[in-house]
Amino acid sequence: MRKGARESADSRSPARGSGKETSKAALRDRPLAAMLGVTGAGTVAFWALFFAGKMRATETPQDEAFEKAFPLADAWMSACCLLAARALWRGEKRGVFYSTAAGSSLVFLSLMDILYSLENGKYWPLDRDRALMLGIHLWTLCTGVFSLARSFRRIDGPVALASP
């Protein structure tokens with residue numbers, strides 16, 4: 001490799017031994033870091049309020065049973081979101097791993113919520129509370145897709161999407 005090409009490549013790669021990326025790459029990740037941080041912290045706050053009896057998120061006993069099936073999965077998703085947010089904000093390479101895990105969790109959980117809500121008529125008639133619920137579901141889905149897309153673009157090396 002030519003010396004100039006090597007220097008150029010080195011300027012885009014993480015600092016040796018630090019696990020941190022260049023500040024330019026870290027700055028590009030900050031919007032995603034903020035989105036994941038808000039999502040993770042918001043989910044933790046929701047469950048704290050829900051179990052403290054300060055927030056009611058259900059209309060029927062069936063809704064209550066469905067909602068109570070999610071704390072452990074939401075805890076995993078929140079942990080992934082918060083770890084990704086911290087690592088991405090600081091420009092750490094492991095942020096790509098955490099944001100992939102967070103994105104996958106967010107997409108899965110939002111699709112579960114959306115399908116349940118569609119099958120059980122939870123979005124209609126659309127009032128303030130249902131619009132908020134729909135907004136949260138769409139935020140979660142879009143944040144997950146954005147996180148996965150951003151992570152996919154950051155993976156080093158060739159990625160085979162189909163078998164030869």
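The structure is a predicted model, in which local features need pLDDT of at least 70, side-chain atom pairs count only at pLDDT 80 or more, and totals for chains, interfaces and linings use all residues. Residues are numbered from 1 along each chain as its sequence is written, and side-chain values use heavy atoms, with hydrogens and water left out.

I begin with the overall architecture. The chain contains six helices and zero strands; helices here are DSSP runs of H or I with at least four residues, strands are runs of E with at least two, and both are numbered from the N terminus. Of the 164 residues, 34% count as buried, where buried means under 20% relative accessible area, exposed means over 50%, and partly exposed lies in between, with a 1.4 Å probe and protein chains only. Among contacts between residues at least 6 apart in sequence, 65% join residues at least 24 apart; a contact means heavy atoms within 4.5 Å.

Let me turn to α4. This helix covers residues 71-90, and its 20 residues reach 28 Å from first C-alpha to last, close to the 28 Å expected at 1.5 Å a residue. The expected span is 1.5 Å times one less than the number of residues. Its buried residues are D74, M77, S78, C80, C81, A84, A85, A87 and L88. What covers them includes α2 (23-51), α5 (94-119) and α6 (128-154). A75, also in α4, is partly exposed, with a relative accessible area of 43%. The C-alpha atoms of A75 and W47 are 9.1 Å apart, although 28 residues separate the two along the chain. After α4 comes G91, with a positive phi near 75°.

How do the neighbouring helices pack against it? Two packed helices are described by the angle between their axes and the distance between the axes. The axes are lines fitted to C-alpha atoms, for helices over the stretch in contact, and angles run from 0 to 180 degrees between N-to-C directions. The axes of α2 and α4 come within 7 Å and cross at roughly 150°. The two helices are therefore roughly antiparallel, a description that applies to angles over 145 degrees, while those under 35 count as roughly parallel, 65 to 115 as roughly perpendicular and the rest as oblique. Their crossing is left-handed, meaning that the near helix is turned anticlockwise from the far one by less than a right angle; clockwise would be right-handed. By class, this contact of α2 with α4 has 16 nonpolar, five polar and three charged residues. Nonpolar here covers Ala, Val, Leu, Ile, Met, Phe, Trp, Tyr, Cys and Pro; charged covers Asp, Glu, Lys and Arg; the others, Gly among them, are polar.

For α4 and α5, the axes come within 8 Å and cross at roughly 145°, and the crossing is left-handed. Residues making the contact include W76, M77 and L83 of α4 and Y98, A102 and L109 of α5. The contact of α4 with α5 has 15 nonpolar, three polar and two charged residues.

Finally, I consider what follows α5. Just after that helix, G121 takes a positive phi of about 60°. In the loop between α5 and α6 lies P125, joined to W124 by a cis peptide bond with omega about -10°. Most residues other than glycine have a negative phi, and most peptide bonds are trans. R130, in α6, counts as buried at 14% relative accessibility. Leaving aside residues up to four places away in sequence, R130 touches E59, G121, K122, Y123, W124 and P125.
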